[in-house]
Amino acid sequence: MSKVWFITGSSRGFGREFALAALERGDKVAATARDTKAVADLVERFGDAVLPLRLDVTDRAQVFEAVTAAKERFGRLDVVVNNAGYSLIGAVEELGEQELRDQLETNVFGVFHVTQAVLPVLRAQGSGHIVQISSAMGVATFGGAGGYSASKWALEGLSEALSQEVAAFGIKVTVIEPGGFATDFASSSVFTAHRQDAYGPLHASLNEMGASTQMPGPEGVGGAILQLVDAEEPPLRVFFGEEPSQWVPAVYQQRLAEWAEWAHVSKAAEGK
Amino acid sequence: MSKVWFITGASKGFGREFALGALERGDKVAATARNTDTLSGLVEQYGDAVLPVELDVTNRDQVFAAVKSAHETFGRIDVVINNAGYGLFGTVEEITEQQLRDQIETNLFGVFHVTQAVLPILREQRAGHIIQISTMGGIVAFPTLGAYHASKWALEGMTDALAQEVAGFGIKVTLVEPGGFATDWSGASAIVADAHPAYAALHENMAARRAQVVLPEPVGFKSAILTIVDAEEPPLRVFFGEGPTLMAPQVYQQRLETWAEWAHVSKAAEGK
């Protein structure tokens, strides 16, 4: 049976790839974007299978309207992809308070609004799959990514709790953690905080990292998400791209080693 | 040489233990609380070694004023403990937008404000130790605590980046991750969302689980924190309590296995 998708930020990047993969195999897609003109070509190509919806995910009322419209049009919601997001780059000391607020507003509250709007629908169905687009930077991080990682780690913690809360209703939750890809996320979806001289060496290393990295194109992410939404038991977490698997497990091992090294203090805290 | 501490939420629970640990050995403490009446016992006992400061960490201007007054009084700041915080109980569907905002405001923005206020001083000193009181729940997640986890995972991600950004200035950063302790964290200090009937079974289940657990007293917190602040090379992460040292390796192992099990999808996302 064909599935009904609700995808935020579907005008470009991953969101567009997800929408295309769904539509090309005959699924229906409520495709949201801040500017629906950016999804006009999808409508031209796939007709009634696409419902373009204007949506800024930080507008809670608009989120609930969009979810209602999608449900009314297609009768159900099977896959909800919280894809809209961007990254804020800067040392923690350099971040503007408002810049950090805006980062959380889109990457955490946007997902929260959509999740709260779809949950009653999915519970009533007794099925559904909520797919959060996180990042490898949602489980590990580096200097300059504190604001972005705060938002993505928050999303990871929220989603891990959520998955346990809704499993009994037949609702699945998956957190996709992409590494670097050559979408315009790496350019136009990055907001850089005002730089302070004290952090010159950090900026130099960030510039160098950006220049030296060869990133894969996003053409495979559509096929990859189809495997997840079609799985009987999809994973709670999955990397997109091979790169995260080359460094995240090592970071995990490092943390485990440090916790073990300081276990005498953990014990001492209990008076042992 | 005696150290100067700046501790938020010093009136009770862990914060009070940290303040006592410092004062008992002759260090100086700027002890903040929303109501300074709650600090009068410390002042009576330790006199000028304590600077009681009225502070609601969500008030950014008040944070900067408090840090300035501590710096002026004691001439330097060696140890900064971001301890103020609380837990919000409720499923992701049950919590209100405002409850989530308030949770993130105190547990993340409060720490962000203090961190931004102290960094120029610590950089100038080329020394200092920022200690964030996180939780085992900053790396694992349980049902009905999604918002709390969001705030603490966010703190973990931001702080991990911060540690890498300020190491070059001689500033150390530690995330203290306590397991469950017999403080009023899950009692009087907690906020509980209105229950939704759909989650009645889950709440019953969680209450039964909590009733079975006997939580240790934080009797060893004083000596544990002193070990951390006196270490030449303190850890980035340390558990307080033995419970997390048993649980975290299992949770991490499970995540590593899930990532490995789904590596074919990670690869497929690159079109391989």
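The structure is a predicted model, and a reader may begin with chain A, whose secondary structure comes to nine helices and nine strands. Its radius of gyration is 20 Å, close to the 19 Å that the globule rule gives for 272 residues, so chain A is as compact as a globular protein of that length. Taken along the principal axes, the C-alpha atoms of chain A fill a box of roughly 60 × 45 × 35 Å. Of the 272 residues in this chain, 56% are buried. When the contacts in chain A with a separation of 6 or more are considered, 72% of them are accounted for by residues 24 or more positions apart.

Chain B has nine helices and nine strands. Here the radius of gyration is 20 Å, close to the 19 Å given by the globule rule for 272 residues, and chain B is therefore as compact as a globular protein of that length. The C-alpha trace of chain B spans about 60 × 45 × 35 Å along its principal axes, and buried residues make up 54% of its 272 residues. Among the contacts in chain B between residues at least 6 apart in sequence, 72% join residues at least 24 apart.

Within chain B, one pair of helices can be followed in detail. Two packed helices are described by the angle between their axes and the distance between the axes. Helix H4 (residues 97-125) of chain B packs against helix H5 (residues 146-166) of chain B at an angle of about 20°, and their axes are 8 Å apart. Since angles under 35 degrees count as roughly parallel, H4(B) and H5(B) are therefore roughly parallel to each other. Their crossing, that of H4(B) and H5(B), is right-handed. On the H4(B) side the residues that meet H5(B) include Leu100(B), Ile104(B), Leu108(B) and Val111(B), while the residues of H5(B) that meet H4(B) include Tyr148(B), Lys152(B), Leu155(B) and Leu162(B). By class, the residues of this contact of H4(B) with H5(B) divide into ten nonpolar, five polar and one charged.

The remaining topic is the contact between the chains, which takes 69 residues from chain A and 73 residues from chain B. On the side of chain A that touches chain B, the elements that give two or more residues include helix H4 (97-125), helix H5 (146-166), strand S9 (237-240) and helix H8 (243-261) of chain A. The largest share of that side, 15 residues, comes from H5(A). Sorted by class, the side of chain A that touches chain B has 37 nonpolar, 17 polar and 15 charged residues.

Methods. Residues numbered from 1 in each chain as written. Chains lettered and ligands numbered in written order. Predicted model: local features only at pLDDT ≥ 70, side-chain atom pairs only at ≥ 80, totals over all residues. Helix = DSSP H or I, 4+ residues; strand = E, 2+ residues; numbered from the N terminus. Rg over C-alpha atoms; globule rule 2.2 N^0.38 Å. Buried ≥ 20, exposed ≤ 12 C-beta atoms within 10 Å, placed from the backbone. Contact = placed C-beta atoms within 7 Å. Axes fitted to C-alpha atoms, helices over the stretch in contact; angles between N-to-C directions. Parallel < 35°, antiparallel > 145°, perpendicular 65-115°, else oblique. Left-handed = near helix turned anticlockwise from the far one by under 90°. Nonpolar A, V, L, I, M, F, W, Y, C, P; charged D, E, K, R; others polar.
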